Amino acid sequence: MGLLRDWNYIEKAVQIPALSEVIREALIRALFVRDDRVLPRDLIGDLNRVPPVTVKVKDDGEVRKLVRVLNGQESTVSLGLSAEDYHYFRTQLGVGRTREFGTVMRPRILLTYDWIVPEQRGVQLDFTGYAGIEFADDAHRAIAQVGATWKQLYDGAPAKGHAVPFVPTVPLDFAIGDALYGDAPFASYRGEFASHVNALRTISPFGHRARLGFEEVANNGTAYDLLHATVPLAAEFFIPVAVAVRLEAKPAAGKTLTYAFDDGMKLAVALDKLSRTTQLPAWVHITDAVAAKILRPAVAADAFTVQLSVGGTTSGLAPKEKAIDTAMAGFKSKSAEVPNPFDVPADAYRKTADTVVRSLFVGEVRVPAKALGDFSAKIRALGDQSVAKAGVYASLRATGTVSTFPFFAAPKDRSKVYDLSKGVRAIASRIPGAAFTSRLAHLWEEEPNFMRRMAFLRSLKVTIDTAHVVQPLVSP
């Protein structure tokens, strides 16, 4: 993910004499935007350096061998490269010099923005060709290689009698691995993505196959749960190559219900009420008018649109729908015919995703359902002030929390990203119970308990990755 590398770099940078008088947030901004008026030339060089070699992974054995080469256990000869590739590999990495090498995983799609400090010295792993999916015959489970896309998993499950319970709040064509070493916002109404993960198959910093968790059952109640203690930071400790996920039985009958609201306060009341009922839809997806027009350009956009996926027995579906209608009282109109963004054919899904990704995203804001209307109004106002039309994608959790992803029609330059992130952070700070979670928000945080947790994760990382191979920490 890169969070520990960024955090460690900042902690070390503030100790540089030339930067010791710079306010921490001002330093973070300078690093983020690469401000050469504040930063020494050497630091600018670090921030502009990228991994010199990209390896397209087709087999986890290749990763094991590569890791053993990078940590010094094996010679580059064991990679079995052609003479031309061998020469390129050695010259690009400077093999033979006294230096450390690291690996970093390349996300298929990055929702927000890249890390501040790129991997400095080694190899970037491209897993797009490592994309197999294995569905279990005896239970509702699957093992997906990290390069497999979420849409492949979602579309392939029904034929095997399964249903994928989690969807991306922002419907981009993410790979499953993007939830581990990117920022794919997968979740369901009933829980976060991590709650659907049984285990990870990984490669350790010493080239061993290492499994975190149990692929057949969940282990998050064992009190010895390294898996859920590190997700979504697992990719800072190991190299994930496959994910074992829990699925659900394909329902006998299913329906997508679409509710239109013309008022944010009515919407907030309805979502809060729904979360207090016993109804358990698979997912509840929310868009404002700007987001809805992107997802469904041919359909007139209402102020807010809520879509729910509900399933059950043929006879039991009608009572469920009636109960949801009661909870969602206050809607302007209702339809069972409006397509949801997830069930469309793969080509149409990718086409829409190509439009969605053009917007500027700054991260996730979690707000109580009853505050969603207020939050949306404040985001629109921020967009107007910044001359960047704003919109919101969101999803409701059974806990009564709404996971929102505000976006802006603005250039994706780093200064704009930083300024809009600060604006969203200010909005979240004024809404009781709200929290802004982004890479910048983590770096801005100076609360003592948070700093202790980050220090613990750093110590855990250097203990597990003593070879300094998996996204190794670097100092300025």
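Let's start where two helices meet: Gly264, Met265, Leu267, Ala268 and Leu271 of α9 touch Leu372, Gly373 and Asp374 of α13, where contact means heavy atoms within 4.5 Å. By class, the residues of that contact are five nonpolar, two polar and one charged. Here Ala, Val, Leu, Ile, Met, Phe, Trp, Tyr, Cys and Pro count as nonpolar, Asp, Glu, Lys and Arg as charged, and the others, Gly among them, as polar.

Before I go on, a word on what we're looking at. This is a predicted model, in which local features need pLDDT of at least 70 and side-chain atom pairs count only at pLDDT 80 or more, while totals for chains, interfaces and linings use all residues. Residues are numbered from 1 along each chain as its sequence is written, and side-chain values use heavy atoms, with hydrogens and water left out. Helices (H or I, at least four residues) and strands (E, at least two) are DSSP runs, numbered from the N terminus.

Back to our helices. Two packed helices are described by the angle between their axes and the distance between the axes. For α9 and helix α13, residues 372-385, the angle is about 140 degrees and the axes are 7 Å apart. The axes are lines fitted to C-alpha atoms, for helices over the stretch in contact, and angles run from 0 to 180 degrees between N-to-C directions. The two helices are therefore oblique to each other; angles under 35 degrees count as roughly parallel, over 145 as roughly antiparallel, 65 to 115 as roughly perpendicular and the rest as oblique.

Helix α9, residues 264-275, has another partner in helix α11, residues 317-327: their axes come within 8 Å and cross at roughly 135 degrees. So α9 and α11 are oblique as well. On the α9 side the contact uses Ala270, Lys273 and Leu274, and on the α11 side Ile324, Thr326 and Ala327. Those residues split into four nonpolar, one polar and one charged.

Now to the sheet. Which strands make it up, and in what order? It is an open sheet of five strands, β4-β5-β11-β9-β10, with antiparallel pairing; two strands pair if DSSP finds at least two bridges between them. At the edges sit β4 and β10 (209-213), each pairing on one side only. From one strand to the next, the twist averages 15 degrees.

Take strand β5, residues 141-145. Four of its five residues are buried, so β5 is largely enclosed by the rest of the structure. Buried means under 20% relative accessible area, exposed over 50%, partly exposed in between, with a 1.4 Å probe and protein chains only. Strand β4, residues 133-135, runs antiparallel to β5 and is joined to it by three bridges, with phenylalanine 135 opposite alanine 142. The two form a hairpin with five residues between them. Five bridges join β5 to strand β11, residues 239-246, also antiparallel. There alanine 144 has valine 243 as its bridge partner, and glutamine 145 stands opposite alanine 242. Helix α4, residues 60-70, lies across β9 (197-203), β10 and β11, at about 50 degrees to β9.

Moving on to strand β18, residues 364-368: four of its five residues are buried, so β18 is largely enclosed by the rest of the structure. With strand β21, residues 435-437, it pairs in the antiparallel sense over three bridges, and valine 365 stands opposite phenylalanine 436.

Which of its residues are buried? They are Tyr349, Ala353 and Val356. These cover an arc of only 55 degrees around the axis, which puts them on the same side of α12; the arc is that of the directions from the helix axis to the C-beta atoms. The face turned away from that buried side carries the exposed residues Asp347 and Lys351. As for the packing, the buried residues of α12 lie against α6 (150-156), β7 (167-168), α10 (289-295), β17 (360-361) and β19 (390-396).

Is serine 309 buried or exposed? Its relative accessibility is 18%, so serine 309 counts as buried. Leaving aside residues up to four places away in sequence, serine 309 touches Lys255, Pro281, Ala282 and Trp283.
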